[in-house]
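Have a look at the model first, then read on.

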Amino acid sequence: MQILTLFLVALVALEHIGIAGLEMFAKPEIQANAFDMPVNFVKTKEAQTALANQGIYNGMLGLLILVMILFFTGSVLKTILILLMLYIIVVAIYGAVTATKKILYLQGAPALIALIFVAIFYH
């Protein structure tokens, strides 16, 4: 179960790297659809700058999670993963309240599932 747990956490990390790709490199039409924003707004320089800035945070968060899996083990890794999954859940709740409820399901739910697995199955 520990391997499955780490696999689920890695999927959360890869999801955030994928979101970073959308935020930083996707065409405005794809970004508008993905993030429930008007395409005319997403095409503005300010929105593109904000999305790229947000993207670097998501990408680095995903990378951080993967690095933690590679460099730490045992109770230290468990603590780190619990904190990172809680961080994602809190941010997803905030995003659901301020931007689109979709964030809660697409980012918060996978992190919640991973958090439950880490708490129960990772030793």
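**Helix packing at a glance**

Helices α5 and α6 cross in a left-handed way (the near helix is turned anticlockwise from the far one by less than a right angle). This is a predicted model, where local features need pLDDT of at least 70, side-chain atom pairs count only at pLDDT 80 or more, and totals for chains, interfaces and linings use all residues. Residues are numbered from 1 along each chain as its sequence is written, and side-chain values use heavy atoms, with hydrogens and water left out.

**α5 with α6**
- The two pack at about 155°, with axes 8 Å apart.
- That angle makes α5 roughly antiparallel to α6 (over 145 degrees).
- On the α5 side the contact (heavy atoms within 4.5 Å) includes Leu81, Met85 and Ile89, and on the α6 side it includes Leu104, Ala111 and Leu115.
- By type, the residues of this contact split into 17 nonpolar, 3 polar and 1 charged.

**α1 with α5**
- The axes of α1 (residues 2–25) and α5 (residues 74–98) come within 12 Å and cross at roughly 40°.
- So α1 sits oblique to α5.
- Leu6, Val9, Val12 and His16 of α1 meet Leu77, Leu81, Met85 and Ile88 of α5.

**α1 itself**
- Its buried residues (under 20% relative accessible area, 1.4 Å probe, protein chains only) include Leu8, Val9, Ala13, His16 and Glu23.
- The buried residues of α1 pack against α2 (28–35), α4 (45–71), α5 and α6 (102–121).

Notes: Axes fitted to C-alpha atoms, helices over the stretch in contact; angles between N-to-C directions. Helix = DSSP H or I, 4+ residues; strand = E, 2+ residues; numbered from the N terminus. Parallel < 35°, antiparallel > 145°, perpendicular 65-115°, else oblique. Buried < 20%, exposed > 50% of the residue type's maximum accessible area, 1.4 Å probe, protein only. Nonpolar A, V, L, I, M, F, W, Y, C, P; charged D, E, K, R; others polar.
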